[in-house]
Amino acid sequence: MRIQRKNLGIPYVLFLLLFVVAPLAVLFYYAFTNGSGQFTLMNFVGFFSNPNTLGTLVYSFAIAAVTTFVCVLLAYPIAYILATSRIRAKSAVVMIFVLPMWINFSLRITALKEVLTFLEGNLAMHPFLNAVIGMTYDFLPFMILPIYTTISRLDASLLEAAADLGASPREAFLKVTLPLSMPGILSGVSMVFLPAMTNYVVLDMLYNSTYIMGSLIGSYFSAYNWHGGSMIALILLAIICLFTFLQGNTEESGANRGGALL
Amino acid sequence: MYRRFRGRSLAALLVACTAGASAAAAGPALGVYAATESAAIDTTAATPDDAAADDARTDNTAAGDAAGNSTATADPEQEVTLRICNWEEYIDEGDWGEDEVIDLPEGDIFGENSLIEDFETWYEETYGVKVNVEYSTFGTNEDLYNMLTLGDTYDLVCPSEYMFMKLISEGEVVPLSDHFFDKSDEYNYYVKGVSPYLENIFESHTIDGEPWSRYAAGYMWGVTGIVYNPELMTREEASTWAVLTNPDFNKRVTIKDSVRECYFAAIGALEHDKLTSDAFLQDAAYKEKLEEVFNDTSPEMIARVQDWLQQMKDNVYSFEVDSGKSDMVTGKVAANYQWSGDAVYTMDQADEDDFRLDFAISEEGANIYFDGWVMLKRGINGDAAKQQAAEAFLNFISRPDNAIRNMYYIGYTSFISGGEDPRILDYLDWNYGAEEDEEDTVDYDVAYFFTGDETGSDPDYVLRAPAEQTMRQLGAQYPSTEDIRRTSIMQYFTPEENTAINNMWVNVRCYNIMHLPWWGWCLVAAGVAGVIWLIAGRIRYVRRHRED
């Protein structure tokens, strides 16, 4: 019997059904039911009418936004310099920046905790700052790598053309390099922003006792309220979908702009 | 040894946090698959030999009756599988160093193999039946409960008192057989050795009208208290729950990230004046009234607790998951809310670095907690051979030498006082007794634990110990008669109370949007406007492309 090409997809379909569709279905079921299994919107209404859960959303957003901003500020110059420099051991230098990623996460944060205690004295005095530092430390490689890859793949002839047509290096950077590296920045943002909203281990380990979205979900589950917890997870999922939708926009127009330049 | 609140283990945390949404999605999803997995692992069906002989029993299930029967006639061909789920690092895993022998007058005690392996060997030698233990662990009581809800099947689990109360009230638990309480069977180490003091508690506390002791066999117990650095804090300052809001220790005290522990501490601090008044302390019904105060879950009390906890949150260093012990030892904090077993471990660790830490039990009252074994209906499933093995396991770990091995290994205090067997008392003396030539010793009375007489004293149970030990490991492991009088059990929260208290907890832990400053609102507004603008742009873009 000949294996038909389309049959090769069966394992993947099964995988999707088991690990994506089914969990999502269960998530939806719990989010829209109450303890006795009846349909309800109360979980949804409850989230948006409670100043504390809304506050958590804002607080998580704030941590994630500041983290992402700091990551972009730090990562772009590094990635740019590395990608455009002529040093031979480029990949080795990139590796040094990515190196912390290969060290166990909890070990890294524990080490960071000691360093910050040495610098700040009492960690509990600056919970927000510590959370941002911890997240930035943790997620920076995820920002550097995509930006570096995008910039190093840029066609150098575009910059030559810009120079030929009279653009100063500054103009060439702002009008050619930066727009063309947007896809890298965006994929970095999506890899940093969303995890930063839920990664509560960093907060736990650095003594920030305020809940963010991840810990809030956890607290609902340990109070056996799977319904409320699922609804919050679903709301996060909706936010992620929204962001992906918006990102599609800029990415395509970025590509368009690139096309226009050619 | 991160017993009661090992919290979320790191591996689970990493999974949970890398994608909050998808992790939460996967949680309930597991139930679907786990539920389809039948309890097919059960190996043997029991052959109750002479059930008719035990006609006297009426109040037990069939399985209970059968398990009560004598053991000699078990079929050697059979093999029993016992699925046990216990706290992480909560049993002697053996492999002791050679210098760790506990040399009691009655003989040496040494942990060569894990207690699980020793049990398997002992059971086969004693009853002629091969038993195969599938041992797994859980991190928190809530994790265990969720695991059970998701369909995990165990025969024997060891939750804390409030969780086994919850399981019993939900009808998930098989009662212990009458045979388990038969003192004439030489292998019934639990009933012969359990501390009369704790036995009284298990007899007098009920759930749905039935005493705990009918369902649960105690394993370890302890009290909550404050571990503190005596160089930074006086004993008086540490001996009250108000230490958590003491501005002198702003950001230098930690508390467990646990609703129940925080709730208890809050009541202690809020009711300080009442609880420490002479009238209250002298009251004939002191103990009952104390438990009433600490189990107040009225809406007014929940509101007051919320206010106090909010104030406390601003004052403490953090709500810690399992960093409290190391933060004490590294000197980051001056005091830490601890379970006595963890406190013993913390003080031991500090001693190794010549760093002294002490333990104080709050003057308002402390939470006394118990971890007890219960057999689950879904696991035992009427299988008498299995129930017999489960009860034999409880007896085996209650044999005084095994209880000592566990205490030595995990630092918590066993339920076993030994009964006729003097080894537990000897172990106390081995561990804490003063040297012959030692000065500054005190006579420490632990009679309540061995005789059950809460206020009595008995020269047979007086230990001559170094004075400082009463404020340290000894005082934590076997609290003094005065301290033990001020301990209160904390009941489990009913589903309604649980919802109300969890809401209170979320209110304490979350950032309240009403506290957002004006510029914060401006940023939120700008952010929302930006998103709307982007959405509009995206829609326009899609439309334009469709027209093209």
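1. Two residues are in contact if their C-beta atoms, placed from the backbone, lie within 7 Å. By that rule, residues 24 or more positions apart account for 75% of the contacts in chain A with a separation of 6 or more.

2. This is a predicted model, in which local features need pLDDT of at least 70 and side-chain atom pairs count only at pLDDT 80 or more, while totals for chains, interfaces and linings use all residues. Residues are numbered from 1 along each chain as its sequence is written, and chains are lettered from A and ligands numbered from 1 in the order in which they are written.

3. Confidence comes next. The model scores ipTM 0.83 and pTM 0.83. pLDDT is the predictor's confidence in each residue, from 0 to 100. Chain B has a mean pLDDT of 85, and 86% of its residues reach 70 or more.

4. Chain A has 12 helices and zero strands. Helices (H or I, at least four residues) and strands (E, at least two) are DSSP runs, numbered from the N terminus. The C-alpha trace of chain A spans about 70 × 70 × 40 Å along its principal axes. Of its 262 residues, 38% are buried (20 or more other C-beta atoms within 10 Å of the residue's own, with C-beta atoms placed from the backbone).

5. Chain B is assigned domain 1 (10-50 + 57-221 + 371-416) and domain 2 (222-369 + 426-507); the bounds come from an automatic or database domain assignment. Each domain gives 22 residues to the contact between them. On the domain 1 side, elements that supply at least two residues include β9 (217-228) and α19 (400-410) of chain B. That side divides into 12 nonpolar, six polar and four charged residues. Nonpolar means Ala, Val, Leu, Ile, Met, Phe, Trp, Tyr, Cys and Pro; charged means Asp, Glu, Lys and Arg; the others, Gly among them, are polar.

6. Between the chains, 45 residues of chain B are in contact with 52 residues of chain A. α2(B) gives the most to the chain B side, with nine residues. The chain B side holds 27 nonpolar, 11 polar and seven charged residues. A caution: α2(B) has the lowest mean pLDDT (36) among the elements of chain B.

Conventions. Buried ≥ 20, exposed ≤ 12 C-beta atoms within 10 Å, placed from the backbone.
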